[in-house]
Every structure is written in C-alpha cells, then in structure tokens.
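Welcome! Take a moment to look over the structure below, and then we can walk through it together.

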Amino acid sequence: MDGAGSGSRQDAEVAVVGAGLCGVAAVVALRRAGVHGVVVLERSGRLGGTWRDNTYPGCGCDVPSMLYEYSFAPHPWSRCFAGRSEILGYLETTAARYGVDEAIRYDTEVTRADWEPDAHRWILETTTGTYTARALVVATGSWHRPRVPDIPGLDAFPGPSFHSARWDHDVDLTGRRVSVVGTGASTVQFLPEIQPVAAHVDVFQSTPQWVLPKPDFPLSPGLHRFLGRHPAARRALRGLHHRTQEAISVPLRRPRLLRPLEAVARLHLRASVADRELRRALSPGYRLGARRLITSDTYYPALTRPNVRLRPTRAAAVEGSHVIGADGTRTRADVIVLATGYHVGDMPLARRLHGTGGVPLARKWSDDRRAYLGTSVSGYPNLFLLIGPNVLSGTTAVPTVLEAQLRYITAALTHLRTGGHAALDVRPEVEESHHEALREALRTTVYSTDASGYYFGLPGVNTFSWPWSTARLLRRLHSFAPDAYTWTPPGGPPAQVRRAGDASPAPGPLRP
Ligand SMILES: Cc1cc2nc3c(=O)[nH]c(=O)nc-3n(C[C@H](O)[C@H](O)[C@H](O)COP(=O)(O)OP(=O)(O)OC[C@H]3O[C@@H](n4cnc5c(N)ncnc54)[C@H](O)[C@@H]3O)c2cc1C
C-alpha cells in the first residue's frame, strides 16, 4: 500500500470491499497467490458481516459446520450445525491467525467507485478518504439488507418492534405477548428460543414452509481428537457432507424426482404435529425447493406449545396494540418482531459503482443481474464479485463456491500481471451466451416455479440460483479462460490477445 494517513489518497494493488466470510478469505487467497498490497474496506468497526449483525436467539448455520469453514482452516466445531457466536469467533480467529486484520480499514464505507480508464484503476471514495486499486473485489454480502414490510399503522404501534436481523436485546420478552411476522429461516431458528420465556407468541404465516429434519448434535472433543490425528478421515467426512448436500439438490433441478424428498418433509410434519388442523395450515401448496430449503427439529414442536398460536394469514395492518390479519383477525401484542428476511442478492454498492462510460452497475442490472460465472461483469474492468448473481443451488454451502471463485480470481490476476496487461474485461458476447444458457437451464428447475419466492431478486427474474450441479460450477471456475476476456495493454486500447482454448489452470486449492 502506498500513501499515508487517513484523508489522503492511498494506492492498493487490490481493494476488497467488505470484511465478512468472503472478504477475509479473499485476503488469504490473494496473498497466497503472491498478490500483495491488498486492502479491505469495511464500513463497520468489526469484521464478520452476517455473523456480526444477526444476533437473534438461535441464529446459526443450516449447512453442516464442516462445510461452513475455509478448507485452509479446519475447525473443531462444537456442534454439527454451529451457532452464530462460534462462527463469528472462527472468522475473527482465522483473520487474526492469517494476519488479515492488518489489511482491514475499519469504519470505512465505500460511498463511490469509478473505473478510471486512463489510469486503468478503480478510484474509491470512502468515509475515511480516497483509495485507488488496480483490481476491485466486491464482498459486500447477499444477505445484508433486511426486508422491512410496509405494514400500515406499524409506526404508531405503542410497543417495541424490530427486524429479527437487528434484534433489540434491550427488549425483554419475558412474560410479554409477542407477534412474529413471517415464517422464514430466521423464525424457524428463534421461535424455539423465545417460546419458553414469552407469555404468548402469535406467528403470522403468509406462506407455509417445507421443513426437513435437521440432525444437529454436539460433536465431542474425542471425535475432534480422532479427526485431528486422521486428516484423511476428516476430509472423508467433509466430502460425505458435501455429497449429501449435492444429492439433495438433484431433485431440485429435476422436479419430477422431488416426491421422495417431499414425502420425508411430510412425514417430519406428521411426526412433529399431532393436530390435524395445524398440520393442514403448515402444509405448503408449492413444490419443495421453490423457496429456500429449511431444516429444523425444533420449529414444529415449538408451534405446538400451548403459548404459541399459528396465524395462517398475512399481517395486513397494525391498529393500536393489535396486529390485524388479512383474514380480519385482531391479535393483541406487546412486541412485534418482523422476521421478513432480506433483499437477497441485492448489492447496494451496485448503485455506487461506475464502470466504463460511468454507467452505474445498478443501471446495467435494472432488468436482470448478468455476471459471467457470477464473477465478472462486462463493462466493469478488473472487477470481481464474490457470491455474485446465480451461483448457488438450494443446498450449496457458500464457502464451497467462494473458494472456487477465489481460485478463478487469483488466476485472472496472475494472468494480468504475467502478461503485462493493464486491464481485463469479460467480452459482452461471452457474458450474454453464459446468461442465455443459464436462463434456459433454470426454466426446468424448481427454483423457477415460485416468482414470489426467495430466489427472485427482481420481478420475475431468478437472480440467485445456479441451475446445474455445483461440481459443474467448480469445474468452470477451476479453469480460467483468458479468451473470455479482452485485455488492455498499458496505455493502449483493449485487445483480444488470446487464442481460443488458451486456458490457464487456476492455482491449487487454498490448503496449507
Ligand atoms: C442468518 C443467516 C444465516 C446464514 N446461514 C448460512 C448457512 O448456513 N450456509 C450458507 O452457506 N450460507 C448461509 N448464509 C449466507 C452467507 O453464507 C452469509 O451471509 C455470509 O456471511 C456471506 O458472507 P459475505 O462476506 O459475502 O457477506 P457479509 O457477511 O454480509 O459481509 C459483508 C460485509 O461488507 C460490509 N459492507 C457492505 N457494504 C459496504 C460498503 N459500501 N463499504 C464497506 N463495507 C461494506 C458489511 O459491513 C459486511 O461486514 C446465511 C445468511 C444469513 C443472513
């Protein structure tokens, strides 16, 4: 890093925006690939992103923890599905161990980013000064912005109300009547935690969820000692988890195979809820996988407790201390918790990021979010997205795709450096043909069957799902193809300098 103290202009080789799961891994990967001068710009005073911000009771991961870790930093998880504080601790410890901390500029929000075509650099305006970088890695998160519903009268509610993603721990729920709006993944995690303390909980459900069993149990120190002594056994176990997740995603891509999985979810419901009417209210009317898959062994039992009532209706309004259901019911509440999810895949930075010709990325993405392999966007040279649009299946663990993307990005940057190029930009026709194939393949998956669901980041457009196997994405990302890009020599116009098929293998996986 060149440059001095805050307020001045500082020059970096690579700027990473965001110090969450992805930003931390990016620093490790870039340094391992020999890229130095990496700076991470983080708007908060602490790293961790999702796991820093989401503090609701019961918050944790819903893929096996062994998949929710970096391959270069195996961790002796205390449970099969770790909770939020253990994940946050893991991210902080890993960042400290790999010296990532020193690259992070905390309390530094990127307010504007412009591609400067003459200098072939990104110019970043931040709340603490200007940075420039040869390449920009966006790691600002896809589950960052809570979705707050517009419920008439909510502003005048006399008691406390808050979004589950920004849990207000000053509000003591003991002995209170709580109305929960929404039945997504967060409610499934926090309802079993708040039910024992609240006097009464009303759960407003506009759409029932498919819920699969969650085999969560503590992992003993003895097991970890064994796995520590036998790394091959740990790798095998990790591989088994990965293959199980992948196997579950097969019917999501081929809905005619969904029946056995739906039968498992129905059996789970029947085994957990004796009341026929409640079971009926909890039975989804759409195919499993059309919305985010949910796993839990504690949600259904919590709903059967005497102090919990499922309201199978949308919360349409608030009048004084009452939540009014779309079915006309009036429910008195002391506290309202909005568990209405996130603007999934929304990237606020896209409104601040200007590529060739000064076009904001949000404008290019106004009708669809196109990105080649979810990573490169035509017209935005030397820009790389982590967990960009359409890279996840319904069951993929984010770190799996993240690490493959980082291999791809480091291969691209190595090519840039060794080839003496100033910039790379994915060719528009490559981006377009990838996008068309993706849209076509998505048509027959279950992910496209509910346009009001989780995967549709824009009206009528699934901006989330990868329609093929994760193995296919990993293969595509493993082999960086220079001919997919135009390459700009220093001081010159863009040129296609590669022969077709001139693919460089990405550097090896991020292992010690
Ligand atoms: C409750 C919850 C549970 C999840 N569980 C799982 C799971 O079990 N399995 C799974 O695979 N995935 C899960 N995910 C999804 C995903 O793995 C996490 O969201 C993960 O933390 C994403 O990491 P990230 O680094 O991309 O983004 P984030 O964790 O969101 O971090 C982004 C960072 O960027 C910073 N930032 C944003 N804008 C700016 C700006 N303009 N300037 C500077 N800094 C900025 C933010 O402050 C933040 O620190 C879950 C998500 C949520 C919300």
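This is a predicted model: local features need pLDDT of at least 70, side-chain atom pairs count only at pLDDT 80 or more; totals for chains, interfaces and linings use all residues.

## A well-covered helix

Helix 11 takes in residues 398-418, and its length can be checked with simple reasoning. At 1.5 Å a residue, its 21 residues should span 30 Å, and because the C-alpha atoms at its ends are 30 Å apart, the two values agree. After helix 11 comes Gly420, which has a positive phi, near 70 degrees.

## Who surrounds the ligand

Now turn to the ligand. There are 32 residues around it, and those that come nearest are Glu42, Thr50, Asp62, Tyr68 and Val398. Sorted by class, this shell holds 17 nonpolar, nine polar and six charged residues.

## Contacts and cover

A backbone N or O atom of Val398 sits 2.8 Å from an oxygen atom of the ligand. For Leu21, a polar backbone atom is 3.1 Å from a ligand oxygen atom. His144 uses its side chain instead: a polar atom there lies 3.5 Å from an oxygen atom of the ligand.

On its own, the ligand has 980 Å² of accessible area, and the protein covers 97% of that. Two elements each give two or more residues to the shell around the ligand: helix 1 (21-32) and helix 2 (50-53). Helix 2 gives the most, with three residues.

Key. Residues are numbered from 1 along each chain as its sequence is written. Side-chain values use heavy atoms; hydrogens and water are left out. A residue is near a molecule or strand if one of its heavy atoms lies within 4 Å of it. A polar contact is a pair of N or O atoms within 3.5 Å; within protein, one must be able to donate a hydrogen and the other to accept it, and residues adjacent in sequence count only if both atoms are side-chain atoms. Accessible areas come from the Shrake-Rupley method with a 1.4 Å probe; for residues, only the protein chains shown count as cover. Helices (H or I, at least four residues) and strands (E, at least two) are DSSP runs, numbered from the N terminus. Ala, Val, Leu, Ile, Met, Phe, Trp, Tyr, Cys and Pro count as nonpolar, Asp, Glu, Lys and Arg as charged, and the others, Gly among them, as polar. The expected span of a helix is 1.5 Å times one less than its number of residues.
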